[in-house]
Amino acid sequence: MKFYAQSFLYDDPWPIVSLAYFLRYPNPLASHIVSCDVISRNQTPSGTLLTTRLILKRGSLPRWAPKGIISRAESWVIEESEVDPFGKVVRCTTKNLEFTKVMKMEESVVLQQTPDGNTLQTSEARVLSGFGWGLTKRIESHGVNRFKAHVQRSREGISLILNLLRESRLQPMTLGGTTASLPPSVHEKEEKPANHQNGPWSKFKSWFTPPKS
């Protein structure tokens, strides 16, 4: 098994970073995401919000991978998250549902408010392969390297959403007060995120653009 962890500090407060995190699909830096569907969402007695999403990703194999070990380039992953608005913490875990004999990939993200009002993101990955044939360590290293690249692009994608939120002055949901009018639930389902004129990213940005007078 290989393990990797990385932390990043956002200058923005926890509520807006958490909102941007759940609105991160679609964005032009996540073109590998084919679809993202909410399959359950429940509030616990303690007031936390539990959400399960099913995500379809498109990927590519390294050149050294034996032909035929994976029959297609798309795979399903499941994302389980818990939002604690009182402790100001988001915990999210993602696991692959397919090709687990080749590689099991478990990613976790924690977004937590710091004492000075910023937001600390801690990302971790655990990669385990039981494939054998002398490729176990190579597959695990490939998984970790892919995660490192994904973490960087994911942060850049979240930053894009944060900029849109700042520009539109959209406020995150608050407890005990009025709730801002949020855009349509883009993370319920979006097909083939892509950076083109009429794609989901263009449609997403239009939700933050005030109507012309």
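Colleague: Over how many bridges do strand 6 and strand 7 pair, and in which sense?

Modeller: This is a predicted model, so read each feature as a prediction. Strand 6 and strand 7 (residues 119–128) pair over 10 bridges. The sense is antiparallel. Within this pairing, Val109 stands opposite Ser123 of strand 7.

Colleague: Which residue takes a positive phi in the hairpin of strand 6 and strand 7?

Modeller: Gly117 does, with a phi near 90 degrees. Five residues lie between the two strands of this hairpin.

Colleague: How many bridges join strand 5 to strand 6?

Modeller: Seven, and these two strands also run antiparallel. Look at Cys92: Val109 in strand 6 stands opposite.

Colleague: Now the rings. How is a pair of aromatic rings described?

Modeller: By two values: the distance of the centres and the angle of the planes. This structure holds three aromatic pairs. One of them is Tyr4 with Phe147, at 6.0 Å centre to centre and 75 degrees between the planes. That pair is edge-to-face.

Colleague: Why is the pair of Phe8 and Tyr10 edge-to-face?

Modeller: Planes over 60 degrees apart count as edge-to-face. The planes of Phe8 and Tyr10 stand at 80 degrees, with ring centres 4.9 Å apart, so the pair is edge-to-face. Phe8 has 30% relative accessibility and counts as partly exposed. Tyr10, at 3%, counts as buried.

Colleague: Next, helix 1. How do I read a helix in general?

Modeller: An α-helix has 3.6 residues a turn, so residues three or four places apart point the same way. In helix 1 (residues 14–22), eight of the nine residues are buried, so the helix is largely enclosed by the rest of the structure. Among the buried ones are Trp14, Val17 and Tyr21. Over the face of Tyr21 lies Arg24, 4.0 Å from the ring centre.

Colleague: Which residues touch the most other members of the largest nonpolar core?

Modeller: Tyr21, Leu111 and Leu162, in a core of 18 residues. Helix 1, strand 5 (89–96), strand 6 (104–113) and helix 2 each give two or more residues to this core. The largest share comes from helix 1, with seven residues.

Colleague: What is Leu111 in contact with, leaving aside neighbours within four places in sequence?

Modeller: Its contacts include Trp14, Val17, Tyr21, Val89 and Leu120. Another core, of 11 residues, lies apart from the largest one. Met103, Met105, Ile139 and Val151 are among its members.

Key:
Residues numbered from 1 in each chain as written. Predicted model: local features only at pLDDT ≥ 70, side-chain atom pairs only at ≥ 80, totals over all residues. Heavy atoms only, no water. Phe/Tyr/Trp six-rings, centres within 6.5 Å; stacked < 30°, edge-to-face > 60°. Buried < 20%, exposed > 50% of the residue type's maximum accessible area, 1.4 Å probe, protein only. Lys NZ or Arg CZ within 6 Å of the ring centre and 35° of its normal. Helix = DSSP H or I, 4+ residues; strand = E, 2+ residues; numbered from the N terminus. Core = buried A, V, L, I, M, F, W, Y, C linked by side-chain atoms within 4.5 Å. Contact = heavy atoms within 4.5 Å. Pairing = 2+ DSSP bridges.
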